[in-house]
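Try each task before reading its solution.

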Amino acid sequence: MDFANFTTLLNAGVILPEGIVILTLVLILAVDLVSSRNNQILPTLAIAGLLGAVGALIWQWTGLQEPLSFIGSFNGDKLSI
């Protein structure tokens with residue numbers, strides 16, 4: 001199995017909204033760790049990340065061609081979205 005075939009079978013774009021939420025969480029935790037106690041950017045980052053995840057869900061709802069990912073173990077069909 002070559003690398004191109006393997007990435008096609010993984011189809012990791014199906015979990016893009018979940019990935020955006022997790023990356024937003026890590027970013028918020030990192031910014032909170034290194035910044036001062038009175039930080040007003042954290043709610044803005046959280047809302048931006050959640051809106052990005054909603055945008056990814058809308059994009060998947062309209063244009064998802066292959067809903068199976070991770071070699072068939074994750075289904076991202078319209079009911080799942």
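**Exercise 1: the span of α3**

Check the length of helix α3 against its residue count.

Solution. Helix α3 has 23 residues. At 1.5 Å a residue, they should span 33 Å; the expected span is 1.5 Å times one less than the number of residues. The end C-alpha atoms of α3 are 33 Å apart, so the two values agree. Helices here are DSSP runs (H or I, at least four residues), numbered from the N terminus.

This is a predicted model, in which local features need pLDDT of at least 70 and side-chain atom pairs count only at pLDDT 80 or more, while totals for chains, interfaces and linings use all residues. Residues are numbered from 1 along each chain as its sequence is written, and side-chain values use heavy atoms, leaving out hydrogens and water.

**Exercise 2: the faces of α2**

Which residues of α2 are buried, and which are exposed?

Solution. Start with the buried set: Pro17, Thr24 and Ile28. Buried means under 20% relative accessible area, exposed over 50%, and partly exposed in between (1.4 Å probe, protein chains only). Seen down the axis of α2, the buried residues fall within an arc of 35 degrees, so they line one face. The arc is that of the directions from the helix axis to the C-beta atoms. On the other side, Ile22, Leu23, Leu29, Leu33 and Val34 are exposed.

**Exercise 3: the partner**

What do the buried residues of α2 pack against?

Solution. They pack against α3 (41-63); contact means heavy atoms within 4.5 Å. Now take α3: its buried residues are Leu42, Gly49, Ala53, Ala56 and Gln60. Their cover includes α2.

Notes. Helices (H or I, at least four residues) and strands (E, at least two) are DSSP runs, numbered from the N terminus.
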